[in-house]
Amino acid sequence: IHPWPEFGDMEIEEHLAQLRKMKLTQMVEQAIWMASIDAKGRQEKRNIYDNQILLRNNALLMRINPATVELLDPFAKAGFTKTKVKVGVELEEEIEMMNRAALTHNMTIRMDFNSRLSWNTFEKYVNGLTPLAKKQIEYFEDPFPYDASMWKEARKLMALAIDWEIKKIPLDQDAPVEADFIVLKPTHEDVNARVEQCIKWE
């Protein structure tokens, strides 16, 4: 397991402390679930990915700089067609970078805001992007804290992906979530239950 305390995960020491008490944190429970699937495949001498649709991961750019669009070059050379960019800190610089990158790189961009924006800054961000930049952006991920009515309006301006904010959606909620994409983290939740919920939403 690899917790990220900066995103709200418990420190590794807390997970180990719970294990010593014969208790499982959600992350440890999910890790055991994934390990059991792998173990079963190995026991049966089969590739657990056979007959599965394999999705190529995106590259990850933690910080952007409008003066160095070339930061995307290594990803393009490595064959990545999609890059996730961590944004929402220096709005003007990020908008400039996205507009410049659209002119120099034919790459799909996923923009991860970690709920840093407000409605006003979200609108400002979208309006600052050129039509070409908007075309290359697949979605805004967690632009601001989840609110169904606000996200519904935001989806009229930009496709949205829900990630950490999915924690606010109960597994027994029948009403579809106001998002175009759902990012599932197998280490943080019951993936099977969430997938079943998504199927009901279709």
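Modeller: A strand here is a DSSP run of at least two E residues, and strands are numbered from the N terminus. Please keep in mind that this is a predicted model.

Colleague: Understood. Where is Asp-180 found, then?

Modeller: Asp-180 lies in the loop that links strand 5 to strand 6.

Colleague: Is Asp-180 buried, partly exposed or exposed?

Modeller: Asp-180 is partly exposed, because its relative accessible area is 38% and that class lies between 20% and 50%.

Colleague: Which residues is Asp-180 in contact with, leaving aside neighbours within four places in sequence?

Modeller: With those neighbours set aside, Asp-180 contacts Arg-155, Met-158, Ala-159 and Leu-160. With Arg-155 there is also a polar contact between the two side chains, at 3.0 Å.

Colleague: And how many residues apart in sequence are Asp-180 and Phe-140?

Modeller: They are 40 residues apart in sequence, and their C-alpha atoms are 9.8 Å apart in space.

Colleague: What stands opposite Phe-140 in strand 5?

Modeller: Leu-160 in strand 5 stands opposite Phe-140. Strand 4 and strand 5 run parallel and are joined by two bridges.

Colleague: Changing topic: how many residues does the largest nonpolar core have?

Modeller: The largest nonpolar core has 38 residues. Those with the most contacts inside this core are Met-98, Met-111, Phe-122, Tyr-125, Leu-129, Phe-140 and Ile-162. Several elements each supply at least two of the core residues, including strand 1 (59-61), strand 3 (108-112), helix 5 (119-128) and helix 7 (148-154).

Colleague: Which helix gives the most to this core?

Modeller: Helix 4 does, with six residues; this helix spans 91-104.

Colleague: What does Met-98 touch, not counting residues up to four places away in sequence?

Modeller: On that basis Met-98 touches Ile-64, Val-85, Ile-109, Met-111, Leu-129 and Ala-133.

Colleague: One last residue. Why does Lys-86 count as buried?

Modeller: Lys-86 counts as buried because its relative accessibility is 15%, and buried means under 20%.

Colleague: Where is the place of Lys-86, in which strand?

Modeller: Lys-86 belongs to strand 2, which covers residues 82-86.

Colleague: And which side chain does a polar contact join to that of Lys-86?

Modeller: The partner is the side chain of Asp-112, in a polar contact of 2.6 Å with that of Lys-86.

Technical notes
Residues are numbered from 1 along each chain as its sequence is written. This is a predicted model: local features need pLDDT of at least 70, side-chain atom pairs count only at pLDDT 80 or more; totals for chains, interfaces and linings use all residues. Side-chain values use heavy atoms; hydrogens and water are left out. A nonpolar core is a set of buried Ala, Val, Leu, Ile, Met, Phe, Trp, Tyr and Cys residues joined through side-chain atoms within 4.5 Å. Buried means under 20% relative accessible area, exposed over 50%, partly exposed in between (1.4 Å probe, protein chains only). Helices (H or I, at least four residues) and strands (E, at least two) are DSSP runs, numbered from the N terminus. Contact means heavy atoms within 4.5 Å. A polar contact is a pair of N or O atoms within 3.5 Å; within protein, one must be able to donate a hydrogen and the other to accept it, and residues adjacent in sequence count only if both atoms are side-chain atoms. Two strands pair if DSSP finds at least two bridges between them.
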